[in-house]
Structures are given as C-alpha cells and as structure tokens.
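User: Hi, could you walk me through this one? I'd like to go through it a piece at a time.

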Amino acid sequence: MTHSPPHGIAGLSAIVVMGVSGSGKTTIAKMMASRLALPFRDADSFHPPANIAKMSAGQPLNDADRAPWLAAIAAWIGGFRREHACCVVTCSALKRSYREAIRAGHDDVLIVYLKGDMTLIHDRMAARKHHFMPLELLASQFATLEEPAPDEYALVVSIDATPTVITERALEGLRARTP
C-alpha cells in the first residue's frame, strides 16, 4: 500500500472530496488522485447493500444507516495513516459529525468541499445515467448539509467551471495549505 505523499501533501493521510450528490465528487477526486499519483476510492463502494437498496427506493439514509459506512471509510483511511501514506476518497460528508467520524480524531485529513447551488447540481444530476441516487433526494441532501466551519480543516472549491478547472482550483488550494 505504500503511496508516499508527493510534494505538497506531506503529513496528510487522506483527501476527502465532499459535497451533495451530483456535485462532481467522483470526477474531481479521480482527477486529483491521478494528478497526485495517489490511490482513489469512491465512498459509494463502502455502502452496505441495505443502504444502496434504501437510496435506490428513494429513501434518505439516517445516521444509524450511515454509521457503518463512515466507520468503513475511516478504517480505509487509517490503513494509509499507519503506512504514512496518503489517499483520495469521496464522501458526501454532509454533517460535521460525519466528517469527524471520518477523521477519527486525527487532523491529517483534508476536506475538499465542492460547493454549488441546487439548480446547477439538479441539472447535472438530471443528465447523468446509471446512478442509484434519485434526483428526488437532492433536496434532502441540501437540507442535511452543514457546510464546513472555519475551524475545520477544509478547502472550499466552487463547482461553477469545468472538471479540469475545478480540479486545478482544488490542487492550487491544496498546495497553498500544506508545506
């Protein structure tokens, strides 16, 4: 698993790309991981089958549903922490408590918050195919969203551009925040 952090992200065990469904988490995180030569994993792959079934049926998850999912993401990040390595992972991480669960008490996880308005994200979600998250749940995502507070280790990136520009903004912000 040894993936030593490239210059500019020393001291990080993970970059968590967060935002509501349709904000571009997977696209941007994959591009960041590729540019930084780091392993990538989508948080959707950590969901137990019951969560996917619930969301596919148009039912939002509750905190009890999310707990094992967040624990699995934190455990995956923990493996990189033990190896003094770094990874990139997506996660909606809509509440501060979810981000705290992912960090598992460590301050070596950078949150990259992909911020956009509901109209833009609605249009993007309507255009995508083969995703289990129905468009009807977008409003519940925005209702749940607690944007990262100033005291959280978070980088806010607007999604009002192309994926390439958004990725470059995130990487510039990353370079500016780390030694």
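User: Which residues is Arg103 in contact with, leaving aside its neighbours within four places in sequence?
Analyst: Arg103 is in contact with Arg81, Val109, Ile111, Glu152 and Tyr153 once those neighbours are set aside. Contact here means heavy atoms within 4.5 Å. Keep in mind that this is a predicted model, where local features need pLDDT of at least 70 and side-chain atom pairs count only at pLDDT 80 or more, while totals for chains, interfaces and linings use all residues. Residues are numbered from 1 along each chain as its sequence is written, and side-chain values use heavy atoms, with hydrogens and water left out.

User: Where is Arg103 found? And is Arg103 buried or exposed?
Analyst: Arg103 is in helix 4. Helices are DSSP runs of H or I with at least four residues, strands are runs of E with at least two, and both are numbered from the N terminus. Arg103 is buried, at a relative accessible area of 10%. The cut-offs are under 20% for buried and over 50% for exposed, with partly exposed in between, using a 1.4 Å probe and protein chains only.

User: What about packing: at what angle do helix 3 and helix 4 pack?
Analyst: The angle is about 35°, and the axes of helix 3 (residues 63-82) and helix 4 (residues 96-103) are 7 Å apart. Axes are lines fitted to C-alpha atoms, for helices over the stretch in contact, and the angles run from 0 to 180 degrees between N-to-C directions. The crossing of helix 3 past helix 4 is right-handed. That label applies if the near helix is turned clockwise from the far one by less than a right angle, and left-handed if anticlockwise.

User: Which residues in helix 3 and helix 4 meet?
Analyst: From helix 3 you have Asp63, Arg66, Leu70, Ile73, Ala74, Ile77 and Arg81, and from helix 4 Tyr98, Ala101, Ile102 and Arg103. By class, this contact has 7 nonpolar, no polar and 4 charged residues. Ala, Val, Leu, Ile, Met, Phe, Trp, Tyr, Cys and Pro count as nonpolar, Asp, Glu, Lys and Arg as charged, and the others, Gly among them, as polar.

User: Switching to charges. How many salt bridges does a search of the whole structure find?
Analyst: The search finds 13. A salt bridge is a side-chain nitrogen of Lys or Arg within 4 Å of a carboxyl oxygen of Asp or Glu. One of them joins Arg35 and Glu168 at 2.9 Å, N to O. Arg35 sits in helix 1 (residues 25-36) and Glu168 in helix 7 (residues 163-177), so this pair, 133 residues apart, links distant parts of the chain. Glu168 is partly exposed at 24%.

User: Which residues are linked with Arg96 in a network of salt bridges?
Analyst: The network links Arg96, Arg99, Glu100, Arg103, Asp151 and Glu152. Inside helix 4, Glu100 and Arg96 are 4 residues apart, about one turn, and their side chains meet at 2.9 Å, N to O. Arg96 also forms a salt bridge with Glu152, where the closest N and O atoms are 3.8 Å apart. Glu152 lies in the loop between helix 6 (138-144) and strand 5 (154-158), so the bridge from Arg96 in helix 4 ties together parts 56 residues apart in sequence. Glu152 is buried at 7%, whereas Arg96 is partly exposed at 26%.

User: Now the greasy bit. Which residues have the most contacts inside the largest nonpolar core?
Analyst: Those are Ile15, Ile73, Ile77, Cys91 and Val112, in a core of 49 residues. Such a core is a set of buried Ala, Val, Leu, Ile, Met, Phe, Trp, Tyr and Cys residues joined through side-chain atoms within 4.5 Å. Elements giving two or more residues to this core include strand 1 (14-18), helix 3 and strand 4 (109-115). Val112 touches, among others, Ile15, Met32, Leu155 and Ala170, not counting residues up to four places away in sequence.
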